[in-house]
Amino acid sequence: MNVKNNIQLQPYNSFRTKSVAKLFCEPQTEQELSEILQSYANEPKLILGGGYNLFFTKNFDGLVIKPGMKGIKTLSENDEFVEIEAGAAEDWDNFVAHCVSHGYSGTENMSLIPSTVGAAPVQNIGAYGTEVKDVIVKVKAVEITSGKSAEFSNDECEFEYRNSIFKRTRNYVITSVVFRLSKSFEYKEKYVDLSHELEGILSPTLPQVRDAIIRIRTRKLPDPEVLPNAGSFFKNPILMKEEKEELLRLLPDAPIYNAGHDGFKTSAAYLIEKSGYKGKRKGNVGTYERHALIIVNYGTENGKEISDFVQEIQRKVYHQFNIELEPEVWIF
């Protein structure tokens with residue numbers, strides 16, 4: 001078991017905030033992970049994927065586990081579908097590229113989302129009308145408290161908007177994910193900006209859709225390697241009917257989408273922009289000039305400076321529109 005002491009976590013989170021982990025490991029197999037969990041049963045645990053959806057405000061007095069399982073393999077296929085298993089440590093966009101290059105559809109709308117395969121189900125990542133839950137068949141994991149293997153069907157993952165059983169309980173380390181993808185593809189118009197990007201192409205192919213989404217995301221979103229950030233910082237709020245009507249009274253042009261179960265979704269980016277925080281900077285932290293939902297780090301190594309700015313935005317939006325913004329990003 002290769003467990004290290006007092007490891008600096010700054011390279012392991014996309015905001016690049018400083019924090020020291022008392023213990024740190026990168027298990028390469030399920031068996032190694034199980035042995036570590038049993039050997040360090042009494043230590044607090046934190047699971048790290050690509051580090052794109054969290055940052056640190058203080059040291060972590062426990063064991064940080066960064067799963068190292070890699071590999072992509074085909075489990076089964078027929079004329080219509082293929083089932084593929086990918087290790088938790090595989091880079092998400094590399095996995096999407098693999099699928100698209102083989103003509104397998106289902107993940108292309110989630111191109112360029114910064115994540116690992118193992119972190120994708122935790123957050124139920126999604127973009128352009130697709131969520132990862134739409135293509136997951138099974139998630140393989142190890143239970144933190146017992147060190148025993150566990151498997152979850154799609155239903156057992158309890159997927160919700162940017163949520164899952166893994167995020168709610170934080171009691172499992174994902175080791176691999178099984179996906180079911182289609183061997184055929186037909187582009188369907190859903191999003192205006194994507195359709196504009198594909199304008200002039202009569203029947204867009206799978207690679208053309210992926211390339212278009214990459215171009216859009218590259219224009220809109222800052223590269224975390226250049227300008228540290230964690231992507232979309234807040235969830236889009238879900239409103240009840242009364243809240244929706246009150247918001248439209250205050251902001252008649254507010255975007256409203258049916259969210260099912262008598263709920264309505266609105267845009268967090270729109271609310272932040274209307275509160276005057278798009279492109280706003282305070283010290284070494286600010287919102288991105290091209291996208292209000294992205295909080296960027298201009299040079300601080302102190303996570304508290306970022307969390308203070310986050311709370312300032314939350315207070316402002318609540319004061320103006322009586323809506324609470326909930327972070328997508330985990331703050332430790």
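What is the order of the four strands in the open sheet? The order is β1-β2-β5-β3, and the pairing is mixed. Before going on, some ground rules. This is a predicted model, in which local features need pLDDT of at least 70 and side-chain atom pairs count only at pLDDT 80 or more, while totals for chains, interfaces and linings use all residues. Residues are numbered from 1 along each chain as its sequence is written, and side-chain values use heavy atoms, with hydrogens and water left out.

A few terms come with that sheet. Helices (H or I, at least four residues) and strands (E, at least two) are DSSP runs, numbered from the N terminus. Two strands pair if DSSP finds at least two bridges between them.

At the edges are β1 (3-8) and β3 (45-47), each pairing on one side only. On average, neighbouring strands of this sheet are turned by 35 degrees against each other, direction ignored. Angles here run from 0 to 180 degrees between N-to-C directions, with axes fitted to C-alpha atoms, for helices over the stretch in contact. Inside the sheet, β2 (residues 20-25) and β5 (residues 60-65) are parallel and share four bridges. One of the bridge pairs is A21 with F60 of β5.

Helix α1 (residues 30-39) packs on this sheet and touches β1, β2, β3 and β5. The direction of α1 makes about 160 degrees with that of β5. Contact means heavy atoms within 4.5 Å. Buried means under 20% relative accessible area, exposed means over 50%, and partly exposed is in between (1.4 Å probe, protein chains only). The buried residues of α1 are E32, L33, S34, I36 and L37. Their cover includes β1, β2, β3 and β5, and also β10 and β12.

N6 lies in β1 and has a positive phi of about 50 degrees, although it is not a glycine. Most residues other than glycine have a negative phi. N6 counts as exposed because its relative accessibility is 57%.

Next, strands β10 and β12. Strand β10 (residues 136-143) pairs with β12 (residues 172-182) in the antiparallel sense over seven bridges, and V142 stands opposite V173 of β12. β10 also pairs with β11 (residues 149-153), again antiparallel, over five bridges. There, A141 has A150 of β11 as its bridge partner. β10 and β11 form a hairpin with five residues between them, and G147 in the turn has a positive phi of about 80 degrees.

The C-alpha atoms of S182 and F81 are separated by 4.6 Å, although the two residues are 101 apart along the chain. Leaving aside neighbours within four places in sequence, S182 is in contact with E80, F81, G103, Y104 and S105.

F81 takes us to another hairpin. Strands β6 (residues 72-77) and β7 (residues 81-87) run antiparallel and are joined by five bridges, with three residues linking them in the hairpin. K73 stands opposite E85 of β7.

Now the interior. A nonpolar core is a set of buried Ala, Val, Leu, Ile, Met, Phe, Trp, Tyr and Cys residues joined through side-chain atoms within 4.5 Å. The largest has 53 residues, and those with the most contacts inside it are W92, V132, F152, F166 and F179. Beyond its neighbours within four places in sequence, V132 is in contact with W92, M110, A120, P121, N124, I125 and F179. A second, separate core has 28 residues, among them I272, A292, I295 and F309.

N124, one of the contacts of V132, sits in the loop between α3 (119-123) and β8 (126-127). Its phi is near 45 degrees, a positive value in a residue other than glycine. At 0% relative accessibility, N124 counts as buried.

Three strands form an open sheet in the order β14-β16-β15, with antiparallel pairing. β14 (238-239) and β15 (256-260) are at the edges with a single partner strand each, so one side of each has no neighbour in the sheet. β14 and β16 (residues 263-266) pair over two bridges, and I238 has K265 of β16 as its bridge partner.
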